[in-house]
Amino acid sequence: MMFEIYSRAGRVEHIPEETSVTVGVFDGVHLGHQQLLSQMDGARLVVTLTAHPSFVLGRRQSEYWLDDPEEHLRLLFEAGAKYVAVLPFTQEVAQMTACETARLLYGRLNMRKLLLGYDSRFGSKDHDDFDSLPQLAAGLGFTLQRGTPFTVDGEPISSSRIRQTLLEGRVEDTAALLGRNYSLDGTVQHGRGVGHTLGFPTANICLSGTRKMLPAHGVYAVCVSGDGLQARGIANMGAAPTFGIDKPLLEVHLIDFDGDLYGRHTTVEFLHKLRDIRRFDSSEELQRQIQKDLDEFRSYEL
């Protein structure tokens, strides 16, 4: 089993000190993950998987993430990790038992403490020896601990709970669980030019290649940043049925902005869903609705 190990300075070949380790997918590095890392001491090392086990093992049909790979590493370091060990999750890794995995962490990552999430388990279910971990820990000489859950509105935070808020377009609830606004990154590309003809020019954000889950289709209040840009706006996330387009698009009209955005890498943060997407019978009707959206955004900011 091969790890790619990183510190804040970049990739490292070996760990020179004893570590406190935790293991998981950590999709989105949400407030529950941040709470778990805060319970670690010493040299905090996070082992993060490159794929969702449920996807690799065929229990889930699609694999959408709450972060991108570079964002994932950055968020783990911001949450307090000193080292991050990236582990490719394959069928071979899935067959390793919990004790086999712990022995590897002890030897390869200089682990002397292993912190588990409040409800987490790992290792092969076909050859389950997870309950033998305390005996292994005593024999090898590492400490085994359980973290405590972090709850919002009386319920523990989980990545699946966050995905549900995105499916429903409840991006304010998403932010409350992540500890930050949900965002999508992409490069501004040339679009159809329709927004300009309507008097509301848009930046068309290319989302090809992203692994992140898209929020529910709708019109959102957003913040846009990147390459020196800081702006507010409204975004159409999804289809454009008025113009016969049914594939997902992210088109953003920036408020009080006049400039060339083509080729800029941007981050779009979703603040609030204004309305669902619908088809309009005329361009004039769409223009009136966009103006209403802008007025609602301004009242939302107040």
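**Before you start**

The model is predicted, so local features need pLDDT of at least 70 and side-chain atom pairs count only at pLDDT 80 or more, while totals for chains, interfaces and linings use all residues. Residues are numbered from 1 along each chain as its sequence is written, and side-chain values use heavy atoms, with hydrogens and water left out.

**Stop 1: the whole chain**

Show the protein chain as a cartoon. Its secondary structure comes to 10 helices and 15 strands; both are DSSP runs, numbered from the N terminus, with helices being H or I of at least four residues and strands E of at least two. Of the 302 residues, 48% count as buried, meaning under 20% relative accessible area, with exposed over 50% and partly exposed in between (1.4 Å probe, protein chains only).

**Stop 2: the open sheet**

Next, pick out the 7 strands of the open sheet, ordered β2-β1-β5-β4-β3-β6-β7 with mixed pairing. Two strands pair if DSSP finds at least two bridges between them. At the edges are β2 (10-12) and β7 (143-146), each pairing on one side only. From one strand to the next, the twist averages 30°.

Now select 43-49 and 83-87: these are β4 and β5, which run parallel and are joined by 5 bridges. Look for V46, which stands opposite V84 in β5.

**Stop 3: helices on the sheet**

Angles here run from 0 to 180 degrees between N-to-C directions, with axes as lines fitted to C-alpha atoms, for helices over the stretch in contact.

Which residues of helix α1 are buried? Select 31-38 and highlight G32, H33, L36 and L37. They sit on the same side of α1 because they cover an arc of only 140° around the axis, the arc being that of the directions from the helix axis to the C-beta atoms. These buried residues pack against β3, β4, α3, β6 and α7 (159-167), where contact means heavy atoms within 4.5 Å.

**Stop 4: strand β15 and its partners**

Move on to residues 265-275. In this strand, β15, 8 of the 11 residues are buried. Strand β10 (182-189) pairs with β15 in the antiparallel sense over 6 bridges, and L184 stands opposite V268. Strand β12 (218-226) is also antiparallel to β15, joined by 7 bridges; here V219 has R275 as its bridge partner.

**Stop 5: salt bridges**

Finally, switch to side chains. The structure holds 16 salt bridges, each a side-chain nitrogen of Lys or Arg within 4 Å of a carboxyl oxygen of Asp or Glu.

- Select K82 and E17, which meet at 2.8 Å, N to O. K82 is in the loop between α3 and β5 and E17 in the loop between β2 and β3, 65 residues apart.
- Select E71 and K212, which meet at 3.2 Å, N to O. E71 lies in helix α3 and K212 in the loop between β11 (203-206) and β12, so the pair ties together parts 141 residues apart in sequence. Both residues are buried.
- Select D173 and R170, whose closest N and O atoms are 2.5 Å apart. D173 is partly exposed at 35% relative accessible area, and R170 is partly exposed at 32%.
- Select R121, D128 and D131, which are linked in a network of salt bridges.
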